[in-house]
Amino acid sequence: MRRCLLLLTLALAAPLGLSACADDAPVIVETTPWAAVSTAFGDGLFDPQVREVMFSEAARRDLMLPDAVTAGRYQFLSVAEVRRIDDRRRVGEVAFAVDGWPATLEFELIRGDDGGWRVDRVAPPEVQQRLLELLGPSGLPIAREVEPWSGGLAGRDAAGRPTAAVLLKVQDDKAFVDGGEPLPLEEGPVGAALTAAIKTRRELADDAHATYRPHVALALPRAATSKLHVELSRWALDAGAEALQIVVRSREGTPAFVPLARRVIAPGGAVANAWRIVREKGRLELRAGDRIAKVPDKDGSLDLDGLGAALAKAVDAMGKPDGLVLVAHDDLPHGTVIDVHLAARAALPEVPMTGEDAE
């Protein structure tokens, strides 16, 4: 009995309000919603005993994160939002990151008879699954030598601020703008959501007396057809975007991006000198004016070094092009687009690159 009382006395001084007798589960009483969310989604998320106390049975059943990712990949960021429903209920969003990718998750809190707040509900498993799929083996492409990106999968950075780039991601047959509700993969609803998101950022920039150049970041699974990013780029430009980028994962899995050029009308009747890269069966073709260089696959894979060499030879013979265009078609996956794009950029780092549909 003395040992139990001693543990209880020491626990009362602990910041989380933990108490225990011998090997019993901890008793946690968080008297504010913010403290409850921090305890539940902080280090306690990976402690089964803490989850047992801080989450209802239904919330534990729907919570995928502790089993889907390791503690080393997860980072609690903040309590993004808490809204009052009544004296005993609050709803909101918790901000966290997986592999450095900021994201949010909806929750509902309920206050018990002991005055402590606990998580009664979390977003459905399919919502969490969408996030994890993009960061898994079949998710966003992984690329070398790419630029780090401060954005995440909900249109906000790690501090909860809207990212300068509106995030347009596609999973299955749905589109999501800034991590919002699923939209049909159609120009009308997607374009309207992009226009609204750009307008919001313009207003924020005006309030801060800052300049803002509208741009959109495209997040697509590596297996998506290459034609999709061309189509989404057009929708984004029609919605007011002035710059585009493709979201990828770095070698470490962290957020990164590849810049994507936009196509404009050449001034004064000038003719742009654009070279095209075409994926044919078993090879890549570089079409530079009347010059066609064929780069056969090597060991059953794209010969990206060979593409770089073909580009260098064409520059020696013809000078630098105004831009490069990767011709997209249904059989060319998005992951291959990224590989070709980066190989071409490594060979001609100052030459912009975009895509177009095969005719």
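A cavity is a set of points, on a 1 Å grid over the protein atoms alone, where a 1.4 Å probe fits but cannot get out, and its volume is the space filled by probe spheres set on the points. The model shown is predicted, with local features needing pLDDT of at least 70 and side-chain atom pairs counting only at pLDDT 80 or more, while totals for chains, interfaces and linings use all residues. Residues are numbered from 1 along each chain as its sequence is written, and side-chain values use heavy atoms, without hydrogens and water.

View 1. The search of the whole structure finds 1 cavity of 30 Å³ or more, and the volume of the largest cavity is about 30 Å³. Its lining residues (an atom within 4 Å of a point) are H229, L260, L326, V337, H341, M353, T354 and G355. Two or more of them come from each of α10 (334–347) and β18 (353–357), named as DSSP runs of at least four residues for helices (H or I) and at least two for strands (E).

**View 2. The open sheet.** The 5 strands of this sheet follow the order β16-β15-β14-β17-β18, with mixed pairing, where a pair needs at least two DSSP bridges. At the edges lie β16 (291–296) and β18, each pairing on one side only.

**View 3. Strands β15 and β16.** Strand β15 (residues 283–288) runs antiparallel to β16 and is joined to β16 by 6 bridges. One of the bridge partners in β16 is R291, which pairs with A288.

Notes. 1 Å grid on protein atoms, 1.4 Å probe; cavity = no way out; pocket = protein on both sides within 12 Å on 5 of 7 lines; lining within 4 Å.
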